[in-house]
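Thanks for coming. I will go through one structure today, starting with its rings and ending with its backbone.

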Amino acid sequence: MATSAAQAGMIGALAARFRSCPVTGLQIDLAAERLIKANAIAAVVFLAIGGVFGLLVALTRWPAVHLLSSDMFYLVLTAHGLDVLLLWIIFFEIAVLYFASAILLNSRLAAPRLGWVAFALMLIGGLLTNVAVLQGDSSVMFTSYVPMQASPNFYLGLILFAVGALIGCCIFLGTLVIAKDEQTYEGSIPLVTFGALTACIIAFFTLASGAVILIPTWLWSLGYISHIDTVMYKLVWWGMGHSSQQINVSAHVAIWYLIAAVTVGAKPLSEKVSRGAFLMYILFLQLASAHHMLVEPGLSSEWKVFNTSYAMYLAVLGSMIHGMTVPGAIEAAQRKNGYVNGAFEWLRKAPWNNPAFAGMFLSLVLFGFLGGISGVVLGTEQINIMMHNTLYVPGHFHATVVTGTTLAFMAVTYLVLPLIFQREVAFPKLARIQPYLFAIGAGGISLFMMGAGTLGVSRRHWDITFSDATLAFDYPAAAFLMLGLNGLFAILATVGGALYVIIAVWTILFGRRVTAENALAALGPMPPRLQVHTAVAEYGSAGTWHLPGTYILISVFFVSFVLYYFVNWKYLSELWPMG
Amino acid sequence: MAEPTAAPTARERVPFMQRLLDNPFLLLFLGVTSPAVLYLLWGVMELSQIPIAR
C-alpha cells in the first residue's frame, strides 16, 4: 500500500512540468500556473460585469438620477451582489490558493485535472445563476431570503459553484500534503501560505453552510419541499453569506504580507504573533455572521452576545494584530533598506509609484479605519440597533470587501501579471494612478453609504422619497446629499475599476514578454536590494521591534476607534432617552 | 578540548502551539467545529424551541 502510494507520488512528480521563476528562483508547476491564469481571468471578467451593475445601483440610489425602474433595480442589485461578492472574489481566491500552495511551496499541484473540473463547475454555476437573474424571475437579491423564491437554476448555479470551490480547497490541502511529503520546503509553511490555509479553512465552513441551506431551498423551488423556515434559513444562510466575506479577510491579509515581502522585502515582525492572529480567525472569525441576527427575537441574548460581543472581538484582536504587524514589517524592512531618519522616512520613501505597494497600503488603511471600526460598531448588540438593515451595512461591507479585499486583489494583480502571466504591465502611468482612483472612489462609497445609514436610510429600498407610498415619510435632507455623493464616488470607483480591467486584459493579450533580464524591473519600482524568495517563501521574522512610525500610526487608529465607538453610544442615548 | 555538539535537533520537543499550527487538518477540524457548534448548532437549537403558532 505504502509502496503504491509512493509510486503514485513519483509518477505525479515525474508528470509535472516546471519552469524556473527568474525573480524568485522558485520552480513553478506549469499546470498550477495555467489554473491560476484561468481562475484569475474568470475573476476579472465577473468583476467587470458586476462593477457595471454596481454603477447602475449607485445611479439609481442617487435621488436626482434615479436611473432604473424598481423591477430592474432589484434585478441589477441581485446580479451585482452575486458577481462581485461571490464570483469575482472566490475565483480570485482559488487562484490565490493555488499560488500560495504550489508556487510558494515550490511544489507540484495536487490533481490538476480535478482543478479543471472545479473551474468548469464554478464557471457553469456562475453563468447559470447569472442567466437565471437576468431572465428576471430571480430578483431575490444576494441574500435570497425565503419566502422570496428564485428560479431553481439560481440555486442550482450557486450549488455547482460552491462544489467547484470546495474541490479547489481540497486541491490546496492536497498540495500542502504533497509539498510536505516531497520536502519541497523546510520547517513550517511560509506565513502567506498559512494565511491562505486560514482562508481555505473558513471556506470549508462557508461552503458547508451553503450546502446545508441551498440544497433544500433548491428542492423547495422545484416543489419537492413545501416549506423552509424563514429564520432558520436566515441563520444558516449567514453562515455562508457572512463567512464567505471572512474568506476574503484572511486571503487579503495574506496578500498584504505577500506584497510587502515582494515590494520592500518585509518579513513578519514575529511569525508566532502573526500565525496566532490567523489562528484567532480560524476559531472565531466566522462567528461574526451573528451580527445579521441581532434583531431576531427567536434567538437568546446569550447566543447574540457570545457570538458577537465576546467571540467576535477575539477575531477583531486578530485583525488589529495584523493591522500593526503589516505596517510594522514594512517599517522594519524599509529601515533595513536605509530609510532610518525620523519616524516616517520609511513611509515617505516607500515605493508609492508601484501600484502593487500603493494598492496594498491603501487597502490596509481603508480596511482598518472604515471596515474594521464599522464592523465592531455593527457587532455590538446595543448600537447595532441604530444601523441594523440600513445602508450602513452595505457601507461597512463595501469598506471591507471593496476597499479591503478588492483593492488588495487588484494590487497583487500587478505582481501576478509579470510573475505568472510573464507580461510587463501595460500602461504603467495609468497603472500608477489606478489604485488611488479606485481607493478614493470606493472609500467614498463606503463612507457616504454609512452616513446615509446613520441617518436611517433603508438598506434595500429602491426609492428613498417613497413617492408611491400611501403614508409619506421624509428622510433628512443630508441623506439625499449622502446618496448623491455616493453616486459621484461610485463613478470614480468605476473609472478606477475600468482602468484595472483594461490594464489587466491589455497586458495579458498584448503585454511585452518578461524575460530573465527585465523580470525584476517588471515588478515595478522597488528599493534597490531584494531577496524576494527569502522574504516570501521562507519562515523567519524581521527580528526588530524598533518601529516608532508604526506605533504613532496605530495610536491614531486607536484614538479614532475609541472616539467613533463612543460617539455611537452617544447617538444611542439620544435615540433611546432614559429617565 | 571543545565539548561535543548537542544531540540532533530532531530530539527536541516541538512546542504544542507549533505542532498545532503546523497541522492543517487539525486546524481545519477546529475551524469548522468552532462556528458549527457556537453559531449554527446553538442557534438551530434555540430556533427549534420556538413554539409553533396556532
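First, the ground rules. This is a predicted model, in which local features need pLDDT of at least 70 and side-chain atom pairs count only at pLDDT 80 or more, while totals for chains, interfaces and linings use all residues. Residues are numbered from 1 along each chain as its sequence is written, chains are lettered from A and ligands numbered from 1 in the order in which they are written, and side-chain values use heavy atoms, with hydrogens and water left out.

Now the rings. Rings of Phe, Tyr and Trp (for Trp, its six-membered ring) pair if their centres lie within 6.5 Å; planes under 30 degrees apart count as stacked, over 60 as edge-to-face and the rest as tilted. By this rule there are 32 aromatic pairs over all chains. Take F91(A) and F119(A): their ring centres are 5.9 Å apart and their planes stand at 65°, so this pair is edge-to-face. F91(A) sits in helix α3 (residues 70-103) of chain A and F119(A) in helix α4 (residues 112-134) of chain A, so the pair ties together parts 28 residues apart in sequence. Helices here are DSSP runs of H or I with at least four residues, strands are runs of E with at least two, and both are numbered from the N terminus. F91(A) and F119(A) are both buried. Buried means under 20% relative accessible area, exposed means over 50%, and partly exposed is in between, with a 1.4 Å probe and protein chains only.

Which two chains does a ring pair join? W303(A) and Y39(B) form a tilted pair, 5.4 Å centre to centre with 40° between the planes. W303(A) lies in helix α10 (residues 301-336) of chain A, and Y39(B) in helix α2 (residues 24-48) of chain B, so the pair joins two chains. W303(A) is buried at 0% relative accessibility, and Y39(B) is buried with a relative accessible area of 0%. There is also a cluster, in which ring pairs link F46(A), F91(A), W116(A), F119(A) and F161(A).

A word on chain B. It has two helices and zero strands. Of its 54 residues, 24% count as buried.

Next, empty space. Rolling a probe the size of a water molecule over the atoms shows where empty space is left. On a 1 Å grid over the protein atoms alone, a cavity is a set of points where a 1.4 Å probe fits but cannot get out; a pocket is an open set with protein on both sides within 12 Å along at least five of seven lines; and lining residues have an atom within 4 Å of a point. Grid points are joined across faces, edges and corners, and a volume is the space filled by probe spheres set on the points.

How many cavities of 30 Å³ or more does the search find? Five, over the whole structure. The largest cavity has a volume of about 120 Å³. Its lining has 15 residues, of which T24(A), F99(A), I103(A), L104(A) and L419(A) lie nearest its centre. Helix α14(A) gives the largest share of that lining, four residues. The lining of the largest cavity divides into 14 nonpolar residues, one polar and no charged. Here Ala, Val, Leu, Ile, Met, Phe, Trp, Tyr, Cys and Pro count as nonpolar, Asp, Glu, Lys and Arg as charged, and the others, Gly among them, as polar. Domain 1 (26-189) and domain 3 (350-516) of chain A both give residues to this lining, so the largest cavity lies between them. Those domain bounds come from an automatic or database domain assignment.

The second largest pocket holds about 360 Å³ of space. It is lined by 19 residues, and K180(A), Y185(A), G187(A), S188(A) and D22(B) lie nearest its centre. Eleven of the lining residues are nonpolar, five polar and three charged.

Last, the backbone. Most residues other than glycine have a negative phi, and most peptide bonds are trans. The peptide bond from V146(A) to P147(A) is cis, with omega near 10°, and P147(A) is in the loop between α4 and α5 of chain A. H66(A) is not a glycine, yet has a positive phi of about 40°; H66(A) is partly exposed, with a relative accessible area of 24%. Q183(A) also has a positive phi, near 50°, and Q183(A) counts as exposed at 66% relative accessibility.

That is the tour.
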